[in-house]
Amino acid sequence: MKTAVGTAKTHSMALVFSDFKEITKARLALSVVFSSIAGYFLGATQIEWSAVLLLAFGGYCMVGASNAFNQVIEKDLDALMSRTKNRPIPSGRMTPSTALTIAVIMTLLGIVTLYILNPKTAMFGAISIFLYTSIYTPLKTKTPLAVFIGAFPGAIPFMLGWVAATNDFGIEPGTLFMIQFFWQFPHFWALAWMLDEDYKKAGFKMLPTGEKDRGTAVQIIMYTVWMIIISVIPVFGITGKLSLSIPGGILVFLMGMVMLVFAFKLFEKRDNASARKLMLASVTYISLMQVVYVADKFI
């Protein structure tokens with residue numbers, strides 16, 4: 001009997017932990033934390049591991065809070081879509097009030113933790129939550145411009161790490177912001193292309209033209225080109241303390257060109273398989289690009 005009770009409790013805790021990961025979108029949150037830490041390494045003159053831990057914890061709380069708020073606001077719409085109907089709230093495993101409590105607690109923990117690093121870091125973290133939940137989320141059913149608004153909070157993590165390390169905002173974190181800002185358009189539109197039918201069930205307007213057509217594919221190519229240009233600008237020594245060697249710049253450029261090839265493939269075929277390949281290429285690009293930047297600084 002005791003074994004059965006213990007097993008039941010373990011299973012229950014596993015479900016709670018699983019729902020927590022889902023309400024905070026743990027995989028996405030961890031990728032954001034990775035970006036923030038990369039930005040910290042780029043800005044820091046001396047690595048303080050206590051600061052890295054604070055940034056990681058605070059960053060996860062801020063992203064997790066944004067995602068929890070989003071799922072509370074969109075609970076009825078999530079129930080309409082195949083990919084989201086089994087989320088904790090629409091499935092009934094978690095009440096909206098519980099999710100809201102999690103979001104509020106994580107917001108407070110995140111802001112306080114980032115404030116310990118410095119006030120500017122906490123300010124940008126708070127701005128990202130506000131933009132994501134109060135502007136981007138409501139606009140998703142109104143206009144494709146929601147993606148443009150959503151790109152602002154989405155671009156903050158990379159620069160947030162620099163600000164956490166330096167307590168300063170200038171051309172360096174601005175450049176990091178622009179890299180991730182332009183990257184988001186081909187990444188998200190590739191994802192939206194794949195999920196277009198599902199998004200339309202909830203009335204979300206995610207693609208720039210509203211359709212999986214040449215116009216959308218052309219814009220994906222254009223933003224990918226801008227992403228590549230911004231990513232290699234530090235090679236030319238015009239971005240302050242943020243620099244990139246010629247070999248590092250060549251490597252980043254080639255990775256960007258691979259992503260551009262997938263963007264052209266989507267333009268050519270305009271199918272979900274091509275969109276998926278571009279989406280995966282974009283995820284690979286942003287992670288490897290940040291690794292190259294950090295490695296280039298320390299090697």
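Phe-253 belongs to helix H11, which spans residues 246–269; helices here are DSSP runs of H or I with at least four residues, numbered from the N terminus. The relative accessible area of Phe-253 is 37%, so this residue is partly exposed (buried means under 20% relative accessible area, exposed over 50%, partly exposed in between, with a 1.4 Å probe and protein chains only). Together with Ile-246, Ile-250 and Leu-254, Phe-253 makes a nonpolar surface patch of about 390 Å². Such a patch is made of residues with over 30% relative accessible area and no salt bridge, nonpolar side chains (Val, Leu, Ile, Met, Phe, Trp, Tyr) being joined within 5 Å.

The model is predicted: local features need pLDDT of at least 70 and side-chain atom pairs count only at pLDDT 80 or more, while totals for chains, interfaces and linings use all residues. Residues are numbered from 1 along each chain as its sequence is written, and side-chain values use heavy atoms, with hydrogens and water left out.

Not counting residues up to four places away in sequence, Met-289 touches Phe-158, Ile-179, Val-252 and Met-255 (contact means heavy atoms within 4.5 Å).

The charged pairs come next. Side chains of opposite charge can pair when their charged atoms come close. Eight salt bridges are counted, each being a side-chain nitrogen of Lys or Arg within 4 Å of a carboxyl oxygen of Asp or Glu. One of them joins Asp-19 to Arg-93, with the closest N and O atoms 2.9 Å apart. This pair links distant parts of the chain, 74 residues apart: Asp-19 is in helix H1 (residues 2–23), and Arg-93 is in the loop between helix H4 (75–78) and helix H5 (96–117). Asp-19 is buried at 9% relative accessibility, whereas Arg-93 is partly exposed at 42%. Asp-19 and Arg-93 also form a network of salt bridges with Glu-22.

Glu-74 and Lys-140 meet in another salt bridge (3.0 Å, N to O). Glu-74 lies in the loop between helix H3 (49–73) and H4, and Lys-140 in the loop between helix H6 (119–139) and helix H7 (146–166), so the pair ties together parts 66 residues apart in sequence. Glu-74 is buried, with a relative accessible area of 3%, and Lys-140 counts as buried at 7%.

Note on methods:
Patches are made of residues with over 30% relative accessible area and no salt bridge: like charges are joined within 9 Å, nonpolar side chains (Val, Leu, Ile, Met, Phe, Trp, Tyr) within 5 Å. Accessible areas come from the Shrake-Rupley method with a 1.4 Å probe; for residues, only the protein chains shown count as cover. Helices (H or I, at least four residues) and strands (E, at least two) are DSSP runs, numbered from the N terminus.
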